[in-house]
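Here's a quick tour of a single protein chain. Take a look at the model first, then we'll go through the strands, the helices and the confidence values.

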Amino acid sequence: WASVCFDESTFIAKACFGDTGYMLLISDLSGVWYESADAEAVGQRSKELNKRLTAHVSSVLQRLHGLLSPALAGQPHAATSFSCQRPAGGLSLRVRSELSGLPFYWDFRCRPAPVATVCRHLVRPLVRMSLALQHQVQELTSLLLRKDAEIEDYRESGATLSRDRLRTEPFQEETFLQNIMAESLPQICSAEDGHAFTSALPQLYMAVTLQEAKQ
């Protein structure tokens with residue numbers, strides 16, 4: 001998943017393109033929409049939207065991949081525009097660009113995603129990501145407590161700091177968790193939902209889903 005902005009609205013989205021079609025998932029964390037289009041559907045829509053353009057389905061798919069992937073990476077083409085509409089419970093992502101020197105138009109016509117799809121691509125991985133992050137916190141807490149014991153042993157042996165500014169207080173797990181709840185949590189919960197997948201979270205998501213695939 002990647003955080004992306006269309007029409008000043010933030011979303012998370014993921015896409016997969018192949019030689020014979022594509023699949024797009026997009027969510028504002030209030031709803032999840034998707035479209036899966038095979039080669040026949042891509043060819044028909046290309047003719048519908050681009051009457052002056054004659055291009056093989058593979059070329060259309062390559063162009064769509066080349067337009068959407070940079071947008072998901074936060075680097076859309078300067079000559080490409082995206083707009084978003086929500087017709088009758090669905091979501092339409094409209095693309096305006098060029099192909100072979102001619103105007104190129106495309107509509108990703110997404111409909112509400114089935115529950116099974118949402119669970120597979122979003123709910124289940126997020127639960128496992130939460131468990132992985134919890135395990136990381138536990139390991140770091142254990143490491144900090146061992147470090148504190150090591151430092152205390154040095155002090156009892158007569159060691160002193162050469163720079164007093166490096167002195168730290170012993171780690172208190174309960175106090176640390178209380179500070180997270182009081183200080184960090186309000187800031188996290190006030191962030192825009194579409195910015196949910198930032199920092200290292202995409203890498204963690206990929207690791208979790210790859211592990212699930214192996215199992």
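## Strands, then helices

Strands E6 (residues 91–99) and E7 (residues 102–112) run antiparallel and are joined by 9 bridges.

| Residue | Bridge partner in E7 |
|---|---|
| arginine 96 | tyrosine 105 |
| tyrosine 34 | arginine 111 |

This is a predicted model, so to speak of local features takes pLDDT of at least 70 and side-chain atom pairs count only at pLDDT 80 or more, while totals for chains, interfaces and linings use all residues. Residues are numbered from 1 along each chain as its sequence is written, and side-chain values use heavy atoms, leaving out hydrogens and water.

On to confidence: pLDDT is the predictor's per-residue confidence, from 0 to 100. The chain's mean is 89, with 95% of residues at 70 or more. Helix H4 (residues 173–190) is lowest, at a mean of 83, and strand E4 (residues 32–38) is highest, at 97.

Now the helices. The axes of H3 (residues 115–156) and H5 (residues 201–214), lines fitted to C-alpha atoms over the stretch in contact, come within 9 Å and cross at roughly 105°. H3 and H5 are therefore roughly perpendicular (65 to 115 degrees).

Methods:
Helices (H or I, at least four residues) and strands (E, at least two) are DSSP runs, numbered from the N terminus. Axes are lines fitted to C-alpha atoms, for helices over the stretch in contact, and angles run from 0 to 180 degrees between N-to-C directions. Angles under 35 degrees count as roughly parallel, over 145 as roughly antiparallel, 65 to 115 as roughly perpendicular and the rest as oblique. Two strands pair if DSSP finds at least two bridges between them.
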